Amino acid sequence: MAEDTPEQRLAALGLTLPPVPKPMGSYVPWRREGDMLWTSGQGPRRPDGVPVRGKVPTEMSVEDAYGYARMVGLGLLAAAAEGAGGLAKLRCVKVLGMVNATPDFTDHPKVINGCSDLFLAVLGENGKHARSAVGFVSLPNQIPVEIEAIFRVLD
């Protein structure tokens with residue numbers, strides 16, 4: 001039996017790739033050089049485009065922030081797939097996840113797992129990556145998470 005494709009795995013999760021988010025400044029959503037592709041940092045946005053706001057854990061639970069990190073992961077996959085020519089051409093190399101958190105918060109990895117778990121579920125082995133998950137006292141527009149990723153584009 002043929003192995004599931006990333007698109008089939010995405011559909012099995014009941015998910016679809018969103019439109020590639022429009023940049024909120026003077027940059028592009030992704031940049032490809034040779035077989036390497038970098039995505040710009042993204043944060044969660046509501047369907048109307050308004051950024052989700054909240055500091056973890058005082059204004060938002062770890063579980064809610066995990067869900068928003070997963071949402072950001074979908075946007076990152078959309079941008080990377082656009083740059084690579086499809087999800088099947090992606091191998092995630094590195095993820096940097098930033099959490100808008102109180103100074104005493106220590107569960108940053110649990111939040112960023114929302115994105116990492118999505119990459120593994122959709123890309124399979126090609127979703128395994130190195131990662132950093134760090135906290136900041138603020139992020140743009142007071143979003144709860146900002147995540148960027150580096151991918152290798154496969155032939």
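**Briefing: cysteines, core and pocket**

Cys92 is buried, with a relative accessible area of 3% (buried means under 20% relative accessible area, exposed over 50%, partly exposed in between, using a 1.4 Å probe and protein chains only). Keep in mind that this is a predicted model, where local features need pLDDT of at least 70, side-chain atom pairs count only at pLDDT 80 or more, and totals for chains, interfaces and linings use all residues. Residues are numbered from 1 along each chain as its sequence is written, and side-chain values use heavy atoms, with hydrogens and water left out.

**Cysteines**

- You'll find 0 disulfides here (a disulfide is a pair of cysteine sulfur atoms within 2.5 Å).
- For Cys92, the closest cysteine sulfur is in Cys115, and at 7.3 Å that is too far for a bond.
- Cys115 is likewise in no disulfide, and Cys115 is buried, at a relative accessible area of 0%.

**Nonpolar core**

- The largest nonpolar core has 35 residues, and Leu77, Val111, Phe119 and Phe151 touch the most other members (such a core is a set of buried Ala, Val, Leu, Ile, Met, Phe, Trp, Tyr and Cys residues joined through side-chain atoms within 4.5 Å).
- Two or more core residues come from each of helix H2 (62–84), strand S3 (90–100), helix H3 (108–123) and strand S5 (145–153) (helices are DSSP runs of H or I with at least four residues, strands are runs of E with at least two, and both are numbered from the N terminus).
- H2 is the top contributor to this core, giving 10 residues.
- Leaving out residues up to four places away in sequence, the contacts of Phe151 include Leu77, Cys92 and Phe119, along with Asp35 and Arg91 (contact means heavy atoms within 4.5 Å).

**Largest pocket**

- The largest pocket holds about 540 Å³ of space.
- Its lining has 27 residues, with Pro21, Gln42, Gly43, Pro44 and Arg45 nearest the centre.
- By type, the lining splits into 15 nonpolar, 8 polar and 4 charged residues (Ala, Val, Leu, Ile, Met, Phe, Trp, Tyr, Cys and Pro count as nonpolar, Asp, Glu, Lys and Arg as charged, and the others, Gly among them, as polar).
- H2 also gives the most to the lining of this pocket, with 4 residues.
- A pocket here is an open set of points on a 1 Å grid over the protein atoms alone, where a 1.4 Å probe fits, with protein on both sides within 12 Å along at least five of seven lines; lining residues have an atom within 4 Å of a point.
- Grid points are joined across faces, edges and corners, and the volume is the space filled by probe spheres set on them.

**Pro19**

- Pro19 sits in the loop between helix H1 (6–12) and strand S1 (30–33), and Pro19 is exposed, with a relative accessible area of 72%.
- Pro19 and Glu82 are 63 residues apart along the chain, with 9.7 Å between their C-alpha atoms.
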